[in-house]
Amino acid sequence: MINPFSILNRYLILEMLPPFFLNLAFFSFIFLMKQILDITDMIVNHKVGVVPVFLLLAYTMPYFLQYIIPMSIMMAVLMALLRMSSDNEIMALKAGGVSIYRLLTPVLIFSLSGTLITGYMTIFAVPLGAERFKTLLFDVATANLKVSLKERTFNDRFKQIMLYVNKIDPQSGELHNVLIEDSRTSGVNNTVVARKGKLLGEPKEMVYYLRLFDGTINQMNLQDRSSHTVNFETYDIRLDLKAALSHRGISEKTPDEMTLSALRSYLKRVKTDKEKYVGALLKYHKKFSIPVACVAMGLLAMPLGIQARNSKKAFGIGLGLFFFLLYYILLSVGTAFGENGNYPPVVGMWMPNVILGGFGIYLLVLSAKEKAVSFNWSVQIFEAIMKWTRRK
């Protein structure tokens, strides 16, 4: 019986830990680059407090970590075995009668640990983080409505009101070139255009007034098709944030914010609605398939690290990134085809694990039989994918 705490197992696991944390930090930084730009804008231009901003950042981390952890597991296994191969440690183990399959135990222990952590992220942390992120975001918007307004973007936060602002002065908060589509009155559609505007009101009351200056109101009666135009110097529009929160469905959870039990109940409720049912079923299987990807990635990374012993280390790392990119493409394709009904959602979500895990087992058998495999074809596939992406 193999001792999971043997010297070899402990040695290889300790070899994988440093590159795992290094990759975890690196890929987290890459994934958070866009959020960092938004955070800087919120702090500098909109005067939002540092604590709420970093709480928003913390609530988004579980979503990124569910993808980053499998990637970091794969790169950790790959880098550890590449280092051992380049230092001829793998060759020394073989000369001492240690089979390649003997190295499978620490790799599986390490990969299964990643599966447990990723499973916690997908099943518990992601729903909780998504829910708290949305709640805190609305709290921030309540305290400072200007945060929710973006230049040259149609804002439908308020019920039956579409708001467009061409430019926002970051110092004074003054709005320039404002367009509003107001359909709150039944049978009447009002289009308001103003040269500038300003937000007034009490955040605690969740009621704001948009005071507009120097503009026109084009009123269209949808029943008799009559229209009227009114010029104004000053015009106030009441913006009820309470109604906006209700309109945006803050009390209703999306499938991303649901726990497993809530998602099962939701699937039963929307069984007759094919679009909602398929979308929720995809997310349900995704909660399990992504954690299991840690094992598939670990199985694939092990023979890659051994097979690439005669190649440069950079090539081995690039090979690992290539296969993770392939996994992500297969997952995206599976999601798209599952939503379109081309095949069942369970196939789309589990297909990447089966393909890459099966390929990893195939390479592992070849490695154990001392049969070399050329990976030159991977470069050609990667170039073809990049050309196809640029064309699209």
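Q: In which helix is Met33 found?
A: In this predicted model, Met33 is found in helix α2.

Q: Is Met33 buried, partly exposed or exposed?
A: A residue counts as buried under 20% relative accessible area and as exposed over 50%, with partly exposed in between. Met33 has a relative accessible area of 37%, so Met33 is partly exposed.

Q: Which residues make the nonpolar surface patch?
A: Such a patch is built from residues with over 30% relative accessible area and no salt bridge. Here Phe26, Phe29, Ile30, Met33 and Ile36 make a patch of about 460 Å². Two elements, α1 (7–31) and α2 (33–44), each give two or more residues to the patch. Helix α1 gives the most, with 3 residues.

Q: What is a salt bridge, and how many are counted here?
A: A salt bridge is a side-chain nitrogen of Lys or Arg within 4 Å of a carboxyl oxygen of Asp or Glu. By this rule, 6 salt bridges are counted. One of them joins the side chains of Glu15 and Arg83, at 2.9 Å from N to O. Glu15 belongs to helix α1 and Arg83 to helix α3 (residues 50–86), so this pair ties together parts that are 68 residues apart in sequence. Glu15 counts as partly exposed, at 24% relative accessibility.

Q: Which residues are linked with Glu15 and Arg83 in a network of salt bridges?
A: The network links Glu15, Arg83, Asp87 and Glu89. Within it, Arg83 forms a salt bridge with Glu89, and their closest N and O atoms are 2.6 Å apart. Glu89 has 21% relative accessibility and therefore counts as partly exposed.

Q: Which parts does the salt bridge of Asp214 and Arg195 tie together?
A: The side chains of Asp214 and Arg195 meet at 3.0 Å, N to O. Asp214 lies in strand β5 (residues 207–221) and Arg195 in strand β4 (residues 188–202), so the pair ties together parts that are 19 residues apart in sequence. Asp214 is partly exposed at 45% relative accessibility, and Arg195 is partly exposed at 45%.

Q: How many bridges join strand β1 to strand β2?
A: Two strands pair if at least two bridges are found between them. Strand β1 (residues 154–155) and strand β2 (residues 161–168) run antiparallel and are joined by 2 bridges. Phe154 has Tyr164, in β2, as its bridge partner.

Q: In which sense do β2 and β3 pair?
A: Strand β2 pairs with strand β3 (residues 175–182) in the antiparallel sense, over 7 bridges. The bridge partner of Leu163 is Ile180, in β3. The hairpin of β2 and β3 has 6 residues between the strands, and Gly173 in this hairpin takes a positive phi near 75°.

Q: Is Pro106 buried or exposed?
A: Pro106 is found in helix α5 (residues 104–143). Its relative accessible area is 0%, so Pro106 is buried. The C-alpha atoms of Pro106 and Ile13 are separated by 6.1 Å, although the two residues are 93 residues apart along the chain.

Q: What can be read from the span of helix α10, and where does the helix bend?
A: A span is compared with the value expected at 1.5 Å a residue. Helix α10 (residues 345–368) has 24 residues and reaches 35 Å from its first C-alpha to its last, close to the expected 34 Å. The helix bends by about 40° at Met351, and Pro352 follows within four residues. Among the buried residues of α10 are Pro352, Gly357 and Leu363. Just after α10, Glu370 takes a positive phi of about 60°.

Methods. Residues are numbered from 1 along each chain as its sequence is written. This is a predicted model: local features need pLDDT of at least 70, side-chain atom pairs count only at pLDDT 80 or more; totals for chains, interfaces and linings use all residues. Side-chain values use heavy atoms; hydrogens and water are left out. Patches are made of residues with over 30% relative accessible area and no salt bridge: like charges are joined within 9 Å, nonpolar side chains (Val, Leu, Ile, Met, Phe, Trp, Tyr) within 5 Å. Accessible areas come from the Shrake-Rupley method with a 1.4 Å probe; for residues, only the protein chains shown count as cover. Buried means under 20% relative accessible area, exposed over 50%, partly exposed in between (1.4 Å probe, protein chains only). The expected span of a helix is 1.5 Å times one less than its number of residues. The bend at a residue is the angle between axes fitted to the seven residues ending there and the seven starting there.
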